[in-house]
Amino acid sequence: MSEFAAIAVFLVLGVGFVLFNFLLSNLIRPKNPNPIKQSTYECGETPVGPAWIQFNVRFYIFCLIFVIFDVEIVFLFPWALVFQSLGLFAFVEMVIFVGILMFGLLYAWKKGLLRWY
Amino acid sequence: MLELDKLIGFVGAQIAALVTALGLGPDWVTLVQLVVAALTLIGFASVMVLGLVYAERKVSAHIQMRVGPMRVGWHGILQTLADAVKLLQKEDITPSNVDRAIYFWAPIVTFVAAFAVYAVIPFGRGLVVTDLNIGILYILAITTFGVIGLLMAGWSSNNKYSLLGGFRSAAQVVSYEVPMALAVIGVVMLTQTLSMVQIVGQQEKFYQWYVWRQPIGFLIYFVAATAEVNRTPFDLPEADSELVAGFVTEYSGMKFAMFFLAEFLNMFTVAAIGTTLFFGGWNGPVLPSWMWFLIKTLAGVFVLMWMRWTYPRLRVDQLMGFAWKFLLPLAILNILITGLFVVLF
C-alpha cells in the first residue's frame, strides 16, 4: 500500500509544483491584455475559420492499430515475467498468439492502412 | 565513500523522530518522508533541467563552431537561470478563443506525467523513493499520459499549427510506444522481474549488462525512445520550419516553461531507463553509485543532443512507416529470438 502512496504523493506534489509556479508568476508578471494581443497568430494573418475542424482519418486508424498492439503488450508482460519457469509450452503458445497478430498487421499493411497520405 | 544512502537514511530517521515527537503515528512518518523525498526530487529535477538546457545550448553551439551563451556568469553558466527568471516575469497571453480549462490543464498534465516517473528510478544504491514491483510497467504507463497533455494543448489552442502539432505528436508517440514496450519485454524475459532495483541488481558486472544479451532490443529502444521524446530526427511535432512551434505555439510565460521542463525531464527519463535496463544502472567500480548513474545517463542525454545536429528530419510518412513496417516486426522478431535462446539454452 505504502508503495503506491509514494505515487499519489508524487502526483499531488507535481500538480502542486506547477500551480505554485503559476501563482508565483501571477504575482510578479505584468497584465496588459488587449484584443489584438489575444488574437490567434497564424502567419501574421487573421485565421481563416476555426481550428476545430475534421482532421485526417489516418490519425484515427493509427490509434486503432495502436490499441490492438498495446493490448497485445499488456498480455505479453505477464507472460514474459514468468516465461522462464513455464518453458517451451508457453513459448509455443505465445508464438501462435503473436503470429495471429502479425497476420493482422500484414492484413492492415496490404490493405494500405499503414500508408500515410 | 560518498554514498548517499547513509545520508538519506539519517535524514529519514531524523524526520521519523521529529514526526513521532509531535505525537503522530507511523503513517504520518511515511507521508512526511515521502513528501520530503518528492520535494527533493522536484528540486533535483529543476536544477538538472537548468543544467541540461545550458548543456543543450553549449553542445549545439560547439557542434556548429559557435561559442553559445558567454555573458551571464562564467562561460554563460547562469544563462538558463536568468532565462527561468525571465519566463517567470513574462506576461501570460491567453488567446481569447481558446478552450480555457483544457488550455490551463495541459501543461500540468504534461509535467506531472513526466515527473511521476522519478518515484521509481533508482538513482543509486538505496536511492529510490519506492521500489514498485511493477516498476518498468508503471513507467511505460505513466509516460504515455504525456501524450494526453500534448493533445490537450494542441486541441485547446484553437490554432491550426497547434492542432497539427498535437496530432502529429500523439500519432508519433503512440506508434513508437509499441516497439519501445516490445523492446522492454525482451529484457523482462531475461530478468524475470519488473522491479527497477532488481533489474539493476542483476547487472553488477560489466559483462552482465543486458545490452550484450539484447543488442537488437537496445537499438529498438534507442530509436523508439528518441521518437518518444520528440527529438531529431523525429522532431516533427515541433518542426519549427513548418509548424511554428507545434502544440506550444499559443503558450507563453510559465505555461510554456512547464512544457519545456517536461520535455527535458522526459529526455533525462528515457536516458535513465536505458541506463537501468541495458547499461547496469548505478553499478560501477570506484566511484559512488549515484555518480555512475549520472555519468551513464548524461552520456545518453549527450548522444540525443549530438544526434540533433547530425541527422535531418524525417517526413511524416517515413516516420510512421518506419515504426510500423520496420521497428514493430523487428521487435517481435527480437522477442522470438530471445525466447528461443532461453528455451533452448
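What you're looking at is a predicted model, where local features need pLDDT of at least 70, side-chain atom pairs count only at pLDDT 80 or more, and totals for chains, interfaces and linings use all residues. Residues are numbered from 1 along each chain as its sequence is written, while chains are lettered from A and ligands numbered from 1 in the order in which they are written.

Start with chain B and its domains. Across the boundary, 21 residues of domain 1 of chain B are in contact with 23 residues of domain 2 of chain B. On the domain 1 side, the elements giving two or more residues are helix 1 (5-21), helix 2 and helix 3 of chain B; helices here are DSSP runs of H or I, at least four residues long, numbered from the N terminus. Helix 2 of chain B supplies the largest share of that side, with 12 residues. Sorted by class, the domain 1 side has 16 nonpolar, two polar and three charged residues. For the bookkeeping, Ala, Val, Leu, Ile, Met, Phe, Trp, Tyr, Cys and Pro count as nonpolar, Asp, Glu, Lys and Arg as charged, and the others, Gly among them, as polar.

Now take a look at the loop between helix 2 and helix 3 of chain B, where you'll find Met65(B) and His75(B). Most residues other than glycine have a negative phi. Met65(B), though, has a positive phi near 60°, and for His75(B) phi is positive too, near 50°. Met65(B) counts as exposed because it has 6 C-beta neighbours inside 10 Å. His75(B), with 14 other C-beta atoms within 10 Å, is partly exposed. The cut-offs go like this: 20 or more other C-beta atoms within 10 Å of a residue's own make it buried, 12 or fewer make it exposed, and anything in between is partly exposed.

Leu164(B), in helix 6 of chain B, is buried, with 24 other C-beta atoms within 10 Å. The C-alpha atoms of Leu164(B) and Phe247(B) are separated by 7.6 Å, although the two residues are 83 apart along the chain.

Next, the interface between the chains. Here 60 residues of chain B are in contact with 56 residues of chain A. Helix 6 (160-191) is among the chain B elements that give two or more residues to this side, and the largest share, 13 residues, comes from helix 6 of chain B. By class, the chain B side has 40 nonpolar, 13 polar and seven charged residues.

Finally, chain A has a helix pair to look at. Helix 2 (residues 57-86) and helix 3 (residues 88-110) of chain A pack at an angle of about 165°, with axes 10 Å apart; axes are lines fitted to C-alpha atoms over the stretch in contact, and angles run from 0 to 180 degrees between N-to-C directions. Helix 2 of chain A and helix 3 of chain A are therefore roughly antiparallel, a label for angles over 145 degrees. The contact includes Trp79(A) and Phe83(A) of helix 2 of chain A and Met94(A) and Leu101(A) of helix 3 of chain A. By class, this contact has nine nonpolar, no polar and one charged residues.

Definitions and conventions: Two residues are in contact if their C-beta atoms, placed from the backbone, lie within 7 Å. Angles under 35 degrees count as roughly parallel, over 145 as roughly antiparallel, 65 to 115 as roughly perpendicular and the rest as oblique.
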